[in-house]
Amino acid sequence: MTLASIGVAIFVLLGMEHIRTQARDSFASTVSGADLIVGAKTGSLNLLLYSVFRLGAPTDNISWESYQAIAADDNVAWTIPISLGDSHRGYRVLGTTPAYFEHFSYGKKRNLVFSDGAEFKNTFDVVLGSEVARALEYPLGEEMILAHGIVSTNFSRHDNKPFHVVGILAPTGTPVDQTIHVQLQGIEAMHDNLVPESITAFMLGLKSRMATFTVQRQINDFVTEPLLAILPGVALSELWQMVGMFENVLRLISVLVLVAAVLGLSAVLLASVRERNHEIHLLRVLGAPPYYLFFLIELEALLISVSGMLLGVLSLYLCLLFVEDALFANFGLQLSPSVFTKEGFVIMLLVLTAALVAAAIPSMKVYFQAKTYTDH
Amino acid sequence: MAIELKGVHFNHAEAPDIPVLQVPYWSVKPGQRVFVHGPSGSGKSTLLNLVSGLLECPKGEVSVLGERLDLMNRRQRDRFRVNHIGYVFQRFNLIPYLDPIENIQLAKSFSARQHCSNSAVTAQSLLESLNVEAAAWNRPTSQLSMGQQQRVAIARALVNRPELLIADEPTSALDQENRDNFLSLLLSLVAEHKMTLLFVSHDMALTQYFAQVQALSDISKAV
């Protein structure tokens with residue numbers, strides 16, 4: 001029982017920490033190349049979530065003219081327009097330009113790589129994210145129908161416009177894997193309109209980082225249309241601040257679980273010490289000094305907590321292996337099942353210390369019992 | 001004298017008015033085999049704990065093998081006990097999760113006397129001489145029969161070649177046949193090693209084996 005409760009505590013503590021850091025890494029690695037993300041005036045978090053993570057719905061579009069005006073700015077090196085809104089069997093369709101494959105980067109400035117085929121050239125060409133290709137089992141050349149809305153059973157389908165798969169991207173561990181990419185004109189073509197009037201948002205890269213705030217201010221003060229430019233890193237840290245509260249509550253809970261487990265260990269050892277009067281007496285007669293008995297009980301606590309930890313780590317590992325795919329498919333969250341991080345070791349060290357401190361209570365009891373020996 | 005008690009008063013700290021043991025004078029000569037009997041709760045354990053140095057003697061003199069235990073501190077008494085006194089209990093003579101060899105080695109490990117460089121060999125030859133079959137040597141002692149356990153207990157008590165052997169009701173967990181075997185084995189070993197034996201029991205049937213038989217009530221006034 002004690003073993004299991006320590007196992008559970010370790011499981012929760014390590015699991016929490018693991019998911020937290022991995023989620024951060026995963027989120028932070030989603031977009032690394034863009035200096036600014038530009039969308040219609042809204043909350044910066046909202047803009048970040050819908051443009052990069054495809055979460056939530058865009059509040060408004062920005063006009064093609066505004067986009068063109070900003071893209072033509074001297075400081076701007078490149079832009080990636082993004083047009084969201086339609087879906088195919090639950091996967092988001094994203095309209096963009098070939099600049100996406102050239103400039104979009106994730107992780108440590110890694111560019112997108114094709115595992116099969118190449119980027120789109122025609123209006124009805126489609127490039128699939130790796131997860132989409134895997135889940136829908138679409139090979140190159142497959143014909144597909146793209147529809148409005150993001151629900152695959154939506155009734156207003158544009159059945160008359162078949163698209164062709166021309167490229168499949170290599171896995172990235174980001175929402176890109178779950179995205180269906182088409183040309184901007186492709187999105188418009190679904191609506192019988194071959195010239196884009198507006199886009200959802202765009203990412204832009206600057207010629208020099210020094211210009212970041214200048215350009216940001218220019219965009220935020222844009223006269224013809226209310227626009228918002230955000231720095232992805234700043235918006236992400238805002239996101240962490242929001243999630244931070246929640247994390248702290250979870251951490252508090254797991255610390256309480258740990259305290260309960262460690263107190264349980266102490267109680268179990270106290271009970272066992274009471275039952276083992278004879279053994280203690282025998283060891284005293286054999287000449288074991290009181291400190292020997294103290295360390296004997298501490299050693300026992302150590303063994304129990306180490307096995308509890310192994311149990312916890314092992315079950316966490318198995319759990320992560322198990323939920324890995326589900327988490328990735330549903331949240332685009334990539335978890336590596338390796339739980340042995342630096343933080344993990346610190347946590348286990350802390351747990352071990354806590355267990356030894358708690359076990360000091362029964363150990364001291366034995367120590368004093370041995371020292372002031374009285375009849376049992 | 002092997003054991004000599006003078007003016008010993010002992011009472012528990014929580015009940016100082018009730019004396020547990022009061023011994024004006026009591027002695028055992030070297031090589032004697034003394035049988036002490038008395039009902040349970042009469043202070044037998046206290047007497048043994050004083051002689052073995054587990055308990056500190058608050059008042060009076062306790063000499064064992066010519067050494068004054070009442071003048072020693074706890075650590076010195078522990079050391080003295082390990083090196084000079086063998087102990088056999090009624091039950092729980094052995095650590096249940098260790099095997100016989102390990103039990104004997106454990107007893108040896110606390111001793112300052114390094115008779116033999118290889119304690120595993122010592123343990124094995126001891127067990128052999130006490131007719132503990134080799135198959136039982138490496139099994140946890142909790143799996144051994146009571147008779148086997150008591151023989152391992154003797155081996156453990158003898159490993160440090162004590163001059164005084166204390167037996168605290170060692171036969172009450174044994175059946176008739178095992179009890180007789182155990183006693184003759186114990187007595188022959190005591191004679192062979194020229195040890196002094198202090199044997200405490202309430203079983204009067206055992207008095208036939210002993211020349212000196214004393215009631216605890218004759219030793220201690222408190223009873």
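Visitor: What order do the 4 strands of the open sheet in chain B take?
Guide: E2-E1-E4-E5, with antiparallel pairing; strands are DSSP runs of E, at least two residues, helices are runs of H or I, at least four, both numbered from the N terminus, and two strands pair if DSSP finds at least two bridges between them. This is a predicted model, where local features need pLDDT of at least 70, side-chain atom pairs count only at pLDDT 80 or more, and totals for chains, interfaces and linings use all residues. Residues are numbered from 1 along each chain as its sequence is written, while chains are lettered from A and ligands numbered from 1 in the order in which they are written.

Visitor: Which are the edge strands?
Guide: E2 (19-28) and E5 (67-68) of chain B, each pairing on one side only.

Visitor: And how many bridges join E1(B) and E4(B)?
Guide: 5, in the antiparallel sense. Lys6(B), for one, has Glu61(B) in E4(B) as its bridge partner.

Visitor: Switching topic, how many residues of chain B are in contact with chain A?
Guide: 18, against 11 residues of chain A; contact means C-beta atoms, placed from the backbone, within 7 Å.

Visitor: Which helix gives the most to that side of chain B?
Guide: H2(B), with 5 residues. H1 (44-52), H2 (74-84) and H3 (100-109) of chain B each supply at least two.

Visitor: Over in chain A, how do the axes of H1 and H8 cross?
Guide: At roughly 165 degrees, coming within 8 Å; axes are lines fitted to C-alpha atoms over the stretch in contact, with angles from 0 to 180 degrees between N-to-C directions. So H1(A) is roughly antiparallel to H8(A), the term for angles over 145 degrees.

Methods
Two residues are in contact if their C-beta atoms, placed from the backbone, lie within 7 Å. Angles under 35 degrees count as roughly parallel, over 145 as roughly antiparallel, 65 to 115 as roughly perpendicular and the rest as oblique.
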